[in-house]
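The following questions and answers concern one protein model. Please examine the sequence and structure before reading on.

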Amino acid sequence: MQHFVYADNAATTQVSHYVFDRMTPYLSEHYGNPSSLYGISRVTNLAIVDARKRVAEALGCDPDEIFFTSCGTEADNWAIKGSAVKLSQKGKKHIITSVFEHHAVLNTCKHLEKHGFEVTYIPVDNEGMIDSADVKNAIRPDTAVVSIMYANNEIGTIQPVSEIGAMCREAGVLFHTDAVQAVGNVRIDVREQNIDMLSLSGHKIYAPKGVGALYVRKGIVLDTFMDGGGQERGRRAGTENVAGIVALGAAIEDVYKDFDGRIEHQKKLRDIVLYAALNIGHCRLNGSLEHRLPGNLNVSFEGIEGESLLLLLDNAGIAASSGSACTSGSLDPSHVLLAIGLPHDIAHGSLRITFGSGNTEDDARYISDKLPGIVHKLRDMSPVWDKIVGS
């Protein structure tokens with residue numbers, strides 16, 4: 001059997017055995033509708049209460065500040081649209097975000113622009129860092145909400161969230177952060193970090209796809225996301241995904257056990273591959289090494305196409321990506337890499353490796369062994385490479 005390494009944990013993670021064992025009874029044995037009154041429904045209702053408590057403990061908030069959603073994209077949409085619509089009634093129709101947010105945020109802002117809102121897009125430097133002063137200077141009397149991602153999904157850059165949140169709090173502006181990539185990889189305390197709203201997704205932390213959550217600070221009233229029954233305190237109707245919610249509660253609790261050891265392990269694996277990649281030559285690290293998610297590595301190789309690189313890595317049994325899984329069908333270079341100043345040709349040659357809890361040092365060394373040969377093979381076939389080395 002061919003050696004296989006899964007190194008695309010930023011796209012999705014495998015459901016852990018721990019999480020799977022805790023969610024499966026709610027697919028078969030405990031299947032009652034949580035809104036009903038009989039015994040098997042009371043069991044599922046209590047399971048949701050317990051999961052809400054676990055998510056709240058991980059974020060440093062109260063359980064009644066947690067709303068379950070279907071995914072991080074839904075949570076982003078609800079936070080931004082819900083706050084914007086509410087505050088537009090007070091004449092606040094200005095939104096601030098960054099140029100390299102996930103498309104769940106960018107496309108939500110574009111939607112609002114079509115409905116009379118104005119959006120300011122904050123730039124990033126060549127490491128993908130936002131200058132907090134730029135956010136502060138962009139805030140206006142009619143600013144409704146600031147949405148800045150906690151950590152970038154492609155290059156792993158961690159933003160100064162606490163500082164940005166403090167500025168927003170001082171200005172009386174709501175601060176939302178897309179923390180889909182950050183949860184489980186950094187310690188989060190929404191109160192200490194001045195976060196008003198936070199989005200997360202279960203399938204990034206070893207829970208299944210189809211469940212997420214939105215933290216909304218007490219006192220903030222969002223426009224109702226979905227009308228219907230009284231689920232999620234009347235703010236998001238629809239029968240709850242009980243098994244998924246239980247899984248999310250178990251997963252978020254589990255990822256913070258032995259947190260420091262797991263993070264150091266992922267950094268070690270990342271650095272093994274980074275050293276091998278940089279030794280190939282004509283390769284650059286994308287994003288900050290200091291302010292970076294532990295398991296994230298994003299590099300660009302001159303003279304090759306990222307798609308060809310991924311196909312040959314796949315032939316070698318290595319699953320990786322060249323950017324966000326949500327835009328993998330696009331032939332355009334990553335908007336994230338263009339935002340940090342990479343030329344189109346270099347942005348096209350990017351590789352994202354993201355390690356998770358299940359990866360081993362052998363995985364990192366296998367990638368390090370295979371990568372140089374694959375890059376050299378592609379460069380040997382590339383007329384672009386001939387121009388680079390011949391110049």
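Q: Which residues form a negative surface patch?
A: This is a predicted model, in which local features need pLDDT of at least 70, side-chain atom pairs count only at pLDDT 80 or more, and totals for chains, interfaces and linings use all residues. Residues are numbered from 1 along each chain as its sequence is written, and side-chain values use heavy atoms, without hydrogens and water. The negative patch consists of Asp125, Glu127, Asp131, Glu163 and Glu290.

Q: Is Glu290 buried or exposed?
A: Buried means under 20% relative accessible area, exposed over 50%, and partly exposed in between (1.4 Å probe, protein chains only). Glu290 lies in the loop between β9 (283–285) and β10 (296–301). Because its relative accessibility is 67%, Glu290 is exposed.

Q: How many aromatic pairs does the structure hold?
A: Rings of Phe, Tyr and Trp (its six-membered ring) pair if their centres lie within 6.5 Å. Planes under 30 degrees apart count as stacked, over 60 as edge-to-face and the rest as tilted. The number of aromatic pairs in the structure is 3.

Q: Why is the pair of Trp78 and Phe225 classed as it is?
A: The ring centres of Trp78 and Phe225 are 5.7 Å apart. Their planes stand at 45°, so the pair is tilted.

Q: How many residues apart are Trp78 and Phe225?
A: Trp78 belongs to helix α3 (residues 72–88). Phe225 lies in the loop between β8 (212–216) and α7 (242–255), so the pair links distant parts of the chain, 147 residues apart.

Note on methods
Patch = residues over 30% accessible without salt bridge, like charges linked within 9 Å, V, L, I, M, F, W, Y side chains within 5 Å. Areas by Shrake-Rupley, 256 points an atom, 1.4 Å probe, with all protein chains shown as cover. Salt bridge = Lys/Arg side-chain N within 4 Å of Asp/Glu carboxyl O. Lys, Arg positive; Asp, Glu negative; His and termini not counted. Charge placed at Lys NZ, Arg CZ, Asp CG, Glu CD. Helix = DSSP H or I, 4+ residues; strand = E, 2+ residues; numbered from the N terminus.
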